Amino acid sequence: MGLFDKLTGTKHPDNGVAPRSAAEVRKALLGLNQPDVPYVIRDGAAKGADLVAEWRMAEPAWQAIFIESQLTRAVRIRMRLVQEDHEVRALEEGWEVTRVGNPPKFKISGSYSRGPDRTVSRHYRVERGESGRLEATETFRFNGADLRNPLEDAVLQSGWTWRGVIFGKL
């Protein structure tokens with residue numbers, strides 16, 4: 001892996017993993033959709049891609065979790081499946097969000113970025129333990145990689161390269 005691959009988040013499959021067809025890779029990615037995961041993967045034609053993955057921030061069942069996380073960034077990953085190169089070109093986009101209204105809802109507020117998201121949010125409760133000393137217990141954790149990692153894993157297990165795109169077109 002070269003320096004540019006590291007910067008873009010590009011990963012290659014293990015040696016000996018036979019590449020599957022684009023239809024199988026697409027099926028593997030769409031198969032990650034589950035009701036208990038905080039993201040959704042859908043057709044991306046409207047966004048100029050083959051597939052799009054994004055947080056379920058707008059869904060009422062998930063809004064409370066995202067608001068509790070004090071999340072300040074919305075992330076979308078647009079993916080293009082390139083059969084001839086056996087790679088998924090992935091453009092990770094992020095926007096700053098703010099909470100407005102009561103009950104609070106997310107609103108895009110400004111700053112846009114491209115490239116791998118590094119957002120991590122943790123909440124701790126500090127209280128006295130049995131020994132009488134202060135102890136911190138993690139009560140909530142949110143990691144932006146929880147969106148990207150399952151996608152990467154599905155692509156790599158299919159024998160394809162996950163190619164991060166920062167510059168140029170998807």
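Start with the lining of the largest cavity, to which β4 (87–100) and β8 (161–165) each contribute at least two residues. The largest share comes from β8, with 3 residues.

Residues are numbered from 1 along each chain as its sequence is written, and side-chain values use heavy atoms, with hydrogens and water left out.

Back to the cavity. On a 1 Å grid over the protein atoms alone, a cavity is a set of points where a 1.4 Å probe fits but cannot get out; a pocket is an open set with protein on both sides within 12 Å along at least five of seven lines; and a lining residue has an atom within 4 Å of a point. Points are joined across faces, edges and corners, and the volume is the space filled by probe spheres set on them. By this rule there is 1 cavity of 30 Å³ or more. The largest cavity has a volume of about 60 Å³. By class, its lining has 5 nonpolar, 4 polar and 2 charged residues. Nonpolar covers Ala, Val, Leu, Ile, Met, Phe, Trp, Tyr, Cys and Pro; charged covers Asp, Glu, Lys and Arg; the others, Gly among them, are polar.

Next, the second largest pocket, with a volume of about 150 Å³. It is lined by 11 residues, of which K6, G9, K11, R118 and E152 are the closest to its centre. Both α1 (3–8) and α4 supply at least two lining residues, and the largest share, 3 residues, is from α4. The classes here are 2 nonpolar, 3 polar and 6 charged.

Also in helix α4 (residues 145–157) is D146. Which residues does D146 touch, leaving aside its neighbours within four places in sequence? They are Y39 and W55, where contact means heavy atoms within 4.5 Å. D146 is partly exposed because its relative accessible area is 42%; buried means under 20%, exposed over 50%, and partly exposed in between, with a 1.4 Å probe and protein chains only.

R56 counts as buried because its relative accessibility is 11%. A polar atom of its side chain lies 2.9 Å from the backbone oxygen of Y39, and the R56 side chain also reaches the backbone oxygen of V37 at 3.1 Å.

Now the whole chain. It has 4 helices and 8 strands, and of its 170 residues 41% count as buried. Among contacts between residues at least 6 apart in sequence, 55% join residues at least 24 apart.

Last, confidence. The chain averages a pLDDT of 85 (the predictor's confidence in each residue, from 0 to 100), and 88% of the residues score at least 70. Helix α2 (residues 22–30) is highest at 97, and α3 is lowest at a mean of 69. Where pLDDT is low, the predicted coordinates should not be read in detail.

How values were computed: Predicted model: local features only at pLDDT ≥ 70, side-chain atom pairs only at ≥ 80, totals over all residues. Polar contact = N/O pair within 3.5 Å; in protein donor to acceptor, adjacent residues only side chain to side chain.
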